[in-house]
Amino acid sequence: MKKSIVEIKKEKKKNKKEVEVKEEDKVYKEYKKYIKSKSWKETCDWIYENVYQKKCYCCGRLSGDDNAVIQLHHNSYDYLYNEKEHPECVIPLCASCHRRIHSLPSNWKRFSRKNLK
């Protein structure tokens, strides 16, 4: 039985979405690997030393205050892997503020895997 044009278009669209999801997963895995890498650690250390202190941009807690852990948060992925050249794309946040920012529904789209490209 021959497929109708509508069925063929739906099938192509489905296949395209599957390919996009696989590509997004690949990009996201690369990002997660980067965040755990020695290169990222060195970038963080350089940014803390030359641009920001280890102080939360939101609440002002310093690293070590009440066991505060300061992390760099990407407020833009435009310069991913080139943060030293564009330190404005990251801000230091304590773990609490970092979690809070990522939990805001208004940020879900911005922090989705799709936007890591």
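In this predicted model, Y34 has a relative accessibility of 9%, and since buried means under 20%, Y34 counts as buried. Y34 belongs to helix α1, while Y81 sits in the loop between β1 and β2, so their pairing ties together parts of the chain that are 47 residues apart in sequence. The ring centres of Y34 and Y81 are 4.5 Å apart and the planes stand at 65°, so the pair is edge-to-face; the cut-off for that class is over 60 degrees. Y81 has a relative accessible area of 42% and is therefore partly exposed.

Which residues of α2 are buried? They are W40, T43, C44, I47 and Y48. These residues cover an arc of only 130° around the axis, which means that they lie on the same side of α2. The exposed residues K38 and E49 are carried by the face of α2 turned away from its buried side.

Helix α2 also holds a charged pair. Side chains of opposite charge can pair when their charged atoms come close. Here D45 and K41 meet in a salt bridge, with 3.1 Å from N to O. Both residues lie in α2 (residues 38-50), four residues apart, about one turn of the helix. By the rule used, the count of salt bridges comes to one. D45 is partly exposed, because its relative accessibility is 32%, and K41 is partly exposed as well, with a relative accessible area of 48%.

The strands come next. Strand β1 (residues 70-74) pairs with β2 in the antiparallel sense over five bridges, and the bridge partner of I70 in β2 is C94. Strand β2 (residues 90-94) is mostly covered, with five of its five residues buried. In a regular strand the side chains alternate between the two faces of the sheet. In β2 both faces are covered: V90, P92 and C94 are buried on one side, and I91 and L93 are buried on the other.

V90, in strand β2, brings several of these parts together. With a relative accessible area of 0%, V90 is buried. Leaving aside residues up to four places away in sequence, V90 touches W40, I47, Y52, L72, H73, H74, N75 and E83. Among these contacts, W40 and I47 are also buried residues of α2. The C-alpha atoms of V90 and Q71, which are 19 residues apart along the chain, are separated by 9.6 Å.

Definitions and conventions: Residues numbered from 1 in each chain as written. Predicted model: local features only at pLDDT ≥ 70, side-chain atom pairs only at ≥ 80, totals over all residues. Heavy atoms only, no water. Salt bridge = Lys/Arg side-chain N within 4 Å of Asp/Glu carboxyl O. Helix = DSSP H or I, 4+ residues; strand = E, 2+ residues; numbered from the N terminus. Buried < 20%, exposed > 50% of the residue type's maximum accessible area, 1.4 Å probe, protein only. Pairing = 2+ DSSP bridges. Arc of directions from axis to C-beta. Contact = heavy atoms within 4.5 Å. Phe/Tyr/Trp six-rings, centres within 6.5 Å; stacked < 30°, edge-to-face > 60°.
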